[in-house]
Amino acid sequence: MSTRGMLRIYLGAAPGVGKTYAMLDEGRRRRERGTDVVVGFVEAHGRAHTEAQIGDLPVVPRKPVTYRDAAFEEMDLDAILARHPEQVLVDELAHTNIPGSGAHAKRWQDVEELLDAGIDVISTVNIQHLESLNDVVQHITGVPQRETVPDTVVRAAEQVELVDMTPEALRRRMAHGNIYLSEKIDAALGNYFRPGNLTALRELALLWLADRVEEGMQRYREEHGITGPWETRERVVVALTGGPEGDTLIRRAARIAERTAGGDLMAIHVTRSDGLAETGLAALESQRLLVESLGGTYHSVVGDSVPSALLDFARSVNATQIVLGASRRRQWAVLSGPGTSATVTRLSGPIDVHLVSHGYAGRGRALPSLGYGLTVRRRIVGLISGTLLLVAATLLLTVLRAQVTFASDVAIYLLVVVITSLIGGFYPALLAAMAGSLLLNFYFVAPLHTFTIAQGENIVALLIFLLVAVLVSRVVDVSARRSALAARSSAEAETLSTLAGSLLRGEQALPALLERVQETFGMRSVSLLGRAGSDPSGGGGIWQVLATVGAEPPQRPSDGDSTAEIDDNQALVLRGHPLRAEDQRVLAAFATQVVVAYRQRELVQMARAIEPLAESERARTALLNAVSHDLRTPIAAAKAAVSSLRAGDVAWSEEDRHELLTTADTSIDRLTDLVTNLLDLSRLQAGVLPVLASAVGLDDVVARALDHVAPDAHLDVNVPADLPEVIADAGLLERVIANLVQNAVRFAPTGSPVRLSGSAHAGRVELRIVDRGPGIATADADVVFAAFQRRDDSSASGAGVGLGLAIARGFTEAMGGSVTAEETPGGGATLVVRLAGVEAES
């Protein structure tokens, strides 16, 4: 049985990038090295360079096929198998075979048979033909791809090489006729080969290949049992606990990641699997925002062991460095274990571990309160209940002394301790355990009614009772406390989920947040306060209400029942009732989001306030410049011509009189056009332009518009009469096309035609006006449509004041369309008018 052949694929982002040329070039190199290479099928598409590249490579004759009375040629699979070369070049892997041409419907199936026969295959495919990307490509380009190849076929190739080319270079190749025939160039540039389409397809190809490279590397690591990280690029993981040192660690990790190009920053917080770790929700939320602002990502994982979970995550993302904070535990705490930092350092292997010092290192953590969150009343009730139960148990056991044993006495007192722990917590239960041991000794251990113990086994029994009572009460207390904590954590998670949902549904951020705070905590009113100015009384500043909801909003922090201080100058104040200490955590998380929403609103309001002022100033300056020069120029020319005609001391010939009258007439026409354009612009800016939209034929409007263009203009018009009608105002559209064509004629080189081509795409009709002039820079694609902008910054040769393109865009947008500027491959500018077709409207 022969060994399966190897498959090599040249992958391209679009037709024309050079896949076939690269495949033939590789075939020629291998033939020069003595390999038996043949051309199984190559489609040159009439490209001279591709045909020349075949050269002296042996070509297997194609198989003639007749289908529906038409003659075709397909790859002759049987002839290649009979020839059995070492390697075969097969173009267009996704091609669909003509029915009846062979045993397989698809060319990739032919390739599979060649590989099974032990023949190496070199093939080509475009990214749009991959099955998994078919719908994505259609959404981007609007062109459905009927010929596809399964991703598994391409991924199974031993080698996949990307043939890359920038969109600009590819469009230049298209314009020079190196891809399609000349009659198809304009349509291709305006459809599939748009810069945006090519950029998106190129990104798809790069990302797909990058994923395959990553898969290959991971597969190699798995096959060779490699568990350590490969430092293909720096990946820095910073561990967060929700403590105050988090900001310091994040910034240090960000600096480490920035030292190398392409470094990744990832923050991780490990939550215990029981979900009961008491972490600072507000601090973690603030640290998440900081990580994302620095270009990193935030991750939360669950695990019983923090070091193990942290290292598992670091290895899964191929991390190269871990940043930890110095432990906050006190020195004596090392007796309980080495701690997270030491364990991670010991088990990290090749991953570098950075231990960062901070101001909170070694200070320890705050001790829990005696009641673990229980109220004073609850603890008092537990203490009283324990006392009453001890008295009742003692009386009962005294009466039943003859019927019960000492072991039963111990069990009943232990039950009293457990009940006391459930009611009042650990410390009332501890007092109950100590009191129970004394009562057992006094009433039920010989000699009775003394604290003397005669038998040694009774001493051991009492000590064991005391120890068991303490341990059981502790376990019961912790279980009850964690059950309450779990319920509270669930409520907090539901609250924060509701908060996130309100924002994702598109509610106004700041009002929505304040209303959520009011609803969540049952407050009468909530205010976001800010300190501004200076307080004459020396209070450090005057508080102002920045945003509020509810009745009787607090005006100062002292007016509220609960306050969350965000910083020195901002506070979230609630009026209604005091919050419990545990509610402050959720309130702090709300406060962080409230401030973010408020600052976003401030930035939006500032931008909105500045934008009209800047636009007004620019328009005023431009208008003054236009009036001072372009309005004065035609007036001066007309006046000079008329004054010369009126001069009685000069005898003008008929030819001179005609020239002076022509000058005056032309100048007045320029003045009329200028005034008309200024009036049109003012109507556009005021929003009072009347639009009478109806279905009109684009070819008819173009014909009428060209009547306004100079008769000697060199035009090449290709607007098919069978295009769908467009929804537009015929008069306004005529003005738009006339302005755009006049602009193109003005900048087109002498003898170079201005091309007008019409086409329909996805329910919209496009008119492309192409010139070969100086072109429009990509950065100026929108600037040229602003009022009083000239492409050559001059007003010579009748260039006007720069209103033509502005009015054309304004008219088109008033009709529901758009006008954009693109760079013409090979030099020049392309202005594209897009309008809704009648079919789209219906």
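**Asparagine 197**

Asparagine 197 touches Ile140, Thr141, Asn191 and Tyr192, leaving out residues up to four places away in sequence; contact means heavy atoms within 4.5 Å. I find asparagine 197 in helix H9 (residues 195-223). Helices (H or I, at least four residues) and strands (E, at least two) are DSSP runs, numbered from the N terminus. Because its relative accessibility is 9%, asparagine 197 counts as buried (under 20% relative accessible area; exposed is over 50%, partly exposed in between; 1.4 Å probe, protein chains only).

**Notes on the source**

I number residues from 1 along each chain as its sequence is written, and side-chain values use heavy atoms, without hydrogens and water. For this predicted model, local features need pLDDT of at least 70 and side-chain atom pairs count only at pLDDT 80 or more, while totals for chains, interfaces and linings use all residues.

**The sheet**

I next traced an open sheet of five strands, in the order E2-E5-E6-E1-E7 and with parallel pairing. Two strands pair if DSSP finds at least two bridges between them. Strand E2 (37-41) and strand E7 (159-163) stand at the edges with a single partner strand each, so one side of each has no neighbour in the sheet. Neighbouring strands are turned by 20° against each other on average, direction ignored.

I then checked single pairs. E2 and E5 run parallel and are joined by four bridges; phenylalanine 41 has valine 90 in E5 as its bridge partner. E5 (residues 87-90) and E6 (residues 120-126) also run parallel, with four bridges, and glutamine 87 stands opposite aspartate 120 in E6. I note that E2 is mostly covered, with five of its five residues buried.

**Helices on the sheet**

Helix H4 (residues 107-116) lies across E1, E2, E5 and E6, and runs at about 175° to E5. Axes are lines fitted to C-alpha atoms, for helices over the stretch in contact, and angles run from 0 to 180 degrees between N-to-C directions.

**H22 and H23**

Last, I looked at helix H22 (residues 730-747) and helix H23 (residues 804-814), which pack at about 150° with axes 9 Å apart. H22 and H23 are therefore roughly antiparallel (over 145 degrees; under 35 is roughly parallel, 65 to 115 roughly perpendicular, the rest oblique). Among the residues making the contact are Leu732 and Arg735 of H22 and Phe811 and Thr812 of H23.
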